[in-house]
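Have a look at the model before reading on.

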Amino acid sequence: MPAIEMRIDSLPQLFDSLDPAPFHDRALDREAEAWLRESVDEVPSREPLELVVRGPEALRGSLPEIETAVHAHFRRALEHEEWKLRRRMRIGRLALLIGLAVLAVTLLARHLLHSVHTPGADVLGEGLLIVGWVGLWRPAEMLLFERLENSADRAVLRRLSRIPVRFQAQVDAPAMTAAR
């Protein structure tokens, strides 16, 4: 089973020093969070994975706190990503309606220009056509492609919110180094 290994000297080292909440509610250190996300993203989603925390033997009793804190942190991050997706989809639907209205107006204006038969009408009509389709660009990006990216991020967070955590004593654990 692939493992993500994290070495710490003390429990506070794992957490964001500016977060005043109790350990089980505290945010993880930003660098530790980013590193964990990247590490999990590198392991195929079908492979089981575990987090191995290496540190002094005195930290062994803190394993339940560490596991609870890691799971809670990534559960909150997952909830936040799901909220962002719902918000983005709401905005995307509104942007789609606006984009379709822009396309309809530009197509109508293009059609009216073609009946004028002036030398610049064709050029202006083609420009309007481009503007109309560009009006749909951002809604399509939001509703289709950003959803895929968000789905991948949520899968990583979901995995981290459930990852098994194991402790391994290490006599001389260096401060917060990472090994994969």
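What follows takes helix packing and a surface patch in turn.

This is a predicted model, where local features need pLDDT of at least 70, side-chain atom pairs count only at pLDDT 80 or more, and totals for chains, interfaces and linings use all residues. Residues are numbered from 1 along each chain as its sequence is written, and side-chain values use heavy atoms, with hydrogens and water left out.

Q: Why is helix 1 called roughly perpendicular to helix 4?
A: The axes of helix 1 (residues 30-42) and helix 4 (residues 137-160) cross at roughly 105° and come within 10 Å. Angles of 65 to 115 degrees count as roughly perpendicular, under 35 as roughly parallel, over 145 as roughly antiparallel and the rest as oblique, so helix 1 is roughly perpendicular to helix 4. Axes here are lines fitted to C-alpha atoms, for helices over the stretch in contact, with angles from 0 to 180 degrees between N-to-C directions. Helices are DSSP runs (H or I, at least four residues), numbered from the N terminus.

Q: Which residues make that contact?
A: L36, R37, V40 and D41 of helix 1 meet V156, L157, R159 and L160 of helix 4, contact being heavy atoms within 4.5 Å.

Q: What makes helix 2 and helix 3 roughly antiparallel or roughly parallel?
A: Helix 3 (residues 121-134) packs against helix 2 at about 170°, their axes 8 Å apart. The two helices are therefore roughly antiparallel to each other.

Q: How is helix 2 oriented towards helix 4?
A: Their angle is about 170°, and the axes are 9 Å apart. That makes helix 2 roughly antiparallel to helix 4.

Q: What makes up the nonpolar surface patch?
A: L94, L97, I98, V102 and V131 form this patch of about 450 Å². Patch residues have over 30% relative accessible area and no salt bridge, with nonpolar side chains joined within 5 Å and like charges within 9 Å. Accessible areas come from the Shrake-Rupley method with a 1.4 Å probe. A salt bridge is a side-chain nitrogen of Lys or Arg within 4 Å of a carboxyl oxygen of Asp or Glu. Helix 2 (residues 63-114) gives the largest share, four residues.
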